[in-house]
Structure formats: structure tokens, C-alpha cells
Amino acid sequence: MRRPDLSGTRYRLGEELGRGGMGSVWEAEDGALGRKVALKVLDLPDEGGGLAERLRREARVLALLEHPGIVPVHDAGTLGDGRPYYAMKLVRGERLDEAAARMPLAERLRAFLRVCEAVAFAHAAGVLHRDLTPGNVMVGPFGEVLVMDWGLAKVLGEADPSRREGTEPPRGPGGGTEAGSVLGTPGFMAPEQERGEAGAVSERTDVFGLGALLSTLLGTSPPRQLAAVVARATDPDPARRYDGARALSEEVRRYLDGERVLSYRERPHERLGRFLSRHRVAVILVLAYLAARAAILVFLGR
């Protein structure tokens with residue numbers, strides 16, 4: 001690993017924050033604006049220039065996606081040694097799965113809805129994330145939720161920069177690469193993504209990733225309605241999944257609002273329980289009124 005040489009740039013290097021599949025991320029100070037930023041720098045051998053172009057492309061994709069739930073890019077350039085970099089917002093916080101461990105269910109679901117909003121915005125701009133995992137979502141100190149690491153993003157209608165959809169050099173034991181791995185994270189990739197079917201990758205591919213993400217947030221004993229949502233989102237057949245992040249988020253919102261979850265076939269007693277829970281105050285008032293009327297009738301009948 002080479003420390004980035006930032007001479008000739010406006011940045012002063014700080015500590016390393018982490019490493020990804022092709023680059024390292026460093027804290028830096030922007031000397032022109034006096035603020036802390038995160039710098040992502042290519043950190044792998046790149047004889048053909050393909051990885052450098054992928055990093056530049058990631059910066060361009062982020063520049064397209066101006067949304068509160070997507071980390072913004074501030075600047076991009078090339079170091080003196082020829083390696084590309086880009087500067088983005090420095091996010092302080094925790095991974096979503098770490099933060100979720102202290103959250104009640106409703107709060108976890110609201111955080112998930114924030115992720116869906118960002119992904120739906122990207123889909124509207126024609127961009128797929130393709131690596132939606134708990135590690136790629138950060139929760140800030142004020143509860144902000146940010147979708148990170150768009151390095152595997154695909155712009156619909158553009159040629160994919162990888163040699164074959166679903167392949168790139170993977171990380172080796174020391175952060176290097178070996179040939180022939182699959183893009184994405186096992187357990188969060190849709191089957192069509194694992195198989196490298198370029199023509200089959202769509203918004204529903206990200207829906208699978210969101211469903212797998214929701215599953216990790218729910219734990220081992222989720223409510224039946226939400227388990228049905230996960231099952232539909234992660235269906236092996238893309239045609240049977242939700243058609244996009246917005247449709248998936250609407251199902252979760254229905255659960256939070258006490259409405260019927262469309263993907264779950266309710267039993268009669270569950271429908272009654274949901275009705276009573278959703279209209280608890282009204283039911284209590286009606287029962288109180290009936291009890292009062294009954295008491296009056298009993299009193300008058302004496």
C-alpha cells in the first residue's frame with residue numbers, strides 16, 4: 001500500500017479510514033475550504049488503466065446523484081504518480097448493522113426506508129447500485145442515513161466497464177487481486193448478478209439486495225408480514241420481486257402504519273388484531289361509551 005502523495009493538490013493527508021476492492025479511503029483536510037473530506041485513491045496495480053477509469057466513473061456517478069441519502073462528491077483529480085482520486089463528504093458514524101443493534105424494530109424500519117429512498121432516487125436517474133449491504137450504509141451521529149460505495153454502480157444504457165458483467169479482480173489476502181471473482185457481496189447478490197447475466201440486471205436486482213439488507217435488520221424471528229416482504233424481494237425470479245425500491249418501501253411503510261401488507265395473506269384474527277391496533281383510541285372510546293350507557297341503563301332500571 002502506498003500512502004497518497006498529495007503534493008500539488010489542495011489537500012493535506014490524514015489517517016487511513018478503510019480499504020475497498022480497488023482503492024483506499026483517507027481522511028484529508030481541504031486547505032482551500034478548511035473542511036475535512038474523505039479521499040478515495042486507486043491503490044492497486046492497473047497496467048491496462050481499467051481500474052483507474054472505474055474509479056473516475058464512480059466519481060461521475062456520484063456527481064449525478066445529488067440526494068441527502070447519497071454521499072456527495074466534491075472534487076476529482078489525478079495524483080502526481082498518475083493515480084486518480086476523488087474527494088467526498090467525510091461521514092462520521094456507524095455501519096447500519098452496528099447502529100441497528102441498538103434500535104427498536106420501528107426505528108430500524110425507518111432507517112431502511114431512508115435507504116430505499118436513496119436507491120429509488122438513483123433508479124430514477126438510471127443508476128443501479130449492485131452492492132447494497134449493511135457495510136455500505138452509514139448512520140451518522142444525528143440519525144442521517146447515507147448509502148455509500150457506488151464503485152459497482154451500473155448506469156443503465158451504458159456499456160459496463162468490466163470485461164463481463166459480474167467479474168472483476170477480487171481482493172486477495174493482503175488486499176491484492178486474483179482473477180475471476182464475482183462483483184458484489186455474497187448473500188446480497190441477486191441470482192442473475194451472480195450468474196453474470198448482463199441483460200437481466202435491472203432495478204429488481206437492487207430490490208434483491210434491499211431485501212437481503214432488510215433480512216439482516218429483522219434478525220432471526222421477524223414478524224410474519226415482514227418475512228413475506230423479504231421473501232418477495234429476494235425471490236430468485238426477478239419477475240416475482242417488487243418492481244423497484246419504491247414499491248418495496250411502500251410495503252414496509254404499510255406495516256409501520258398498521259395497514260395490510262399486500263405480500264402477506266392475513267388470517268381473520270390477524271386482520272382483526274391489526275384493525276384494533278390501528279384504531280386503538282377509537283375502539284377504547286367506543287367501549288367506554290358503551291360501558292357508560294350500560295351503567296346508566298342498569299342504574300335507571302333499578
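**Gly31**

The model is predicted, so I took local features only at pLDDT of at least 70 and side-chain atom pairs only at pLDDT 80 or more, while totals for chains, interfaces and linings use all residues. Residues are numbered from 1 along each chain as its sequence is written, and side-chain values use heavy atoms, with hydrogens and water left out.

I placed Gly31 in the loop between β2 (23-30) and β3. Strands and helices here are DSSP runs numbered from the N terminus (helices H or I, at least four residues; strands E, at least two). Leaving aside neighbours within four places in sequence, I found Gly31 in contact with Arg10 and Arg12; contact means heavy atoms within 4.5 Å. From Gly31 to Arg12 I noted 7.1 Å, C-alpha to C-alpha, across 19 residues of sequence.

**The sheet**

I traced an open sheet of 5 strands in the order β1-β2-β3-β5-β4, with antiparallel pairing. Two strands pair if DSSP finds at least two bridges between them. The edges are β1 (11-19) and β4 (73-78); each has a single partner strand, so one side of each is left without a neighbour in the sheet. Neighbouring strands are turned by 25° against each other on average, direction ignored. Axes are lines fitted to C-alpha atoms, for helices over the stretch in contact, and angles run from 0 to 180 degrees between N-to-C directions.

Between β3 (residues 35-42) and β5 (residues 84-89), which run antiparallel, I noted 5 bridges. Ala38 stands opposite Met88 in β5. Helix α1 (residues 50-64) packs on the sheet and touches β3, β4 and β5; its direction makes about 25° with that of β5.

**Aromatic pair**

I found 1 aromatic pair in the structure. The ring centres of Tyr11 and Tyr85 are 6.1 Å apart and the planes are at 80°, so the pair is edge-to-face. Rings of Phe, Tyr and Trp (its six-membered ring) pair if their centres lie within 6.5 Å; planes under 30 degrees apart are stacked, over 60 edge-to-face, and the rest tilted. Tyr11 is in strand β1 and Tyr85 in strand β5, so the pair ties together parts 74 residues apart in sequence. Both Tyr11 and Tyr85 are buried.

**Helices α6 and α7**

I looked at how α6 (residues 224-233) packs with α7 (residues 245-256): the angle is about 175° and the axes are 10 Å apart. That makes α6 roughly antiparallel to α7. Angles under 35 degrees count as roughly parallel, over 145 as roughly antiparallel, 65 to 115 as roughly perpendicular, and the rest as oblique. In α6, Gln225, Leu226, Val229 and Ala233 meet Leu248, Glu251, Val252 and Tyr255 in α7.

**Positive phi**

Arg130, a residue other than glycine, has a positive phi near 75°. I placed Arg130 in the loop between β7 (127-128) and β8 (137-139), and it is buried at 5% relative accessibility. Asp149, also not glycine, has a positive phi near 50°. Asp149 is in the loop between β9 (145-147) and β10 (154-155) and is partly exposed at 30% relative accessibility.

**Whole chain**

I noted 9 helices and 12 strands in the protein chain. Of its 302 residues, 44% are buried.

Technical notes:
Buried means under 20% relative accessible area, exposed over 50%, partly exposed in between (1.4 Å probe, protein chains only).
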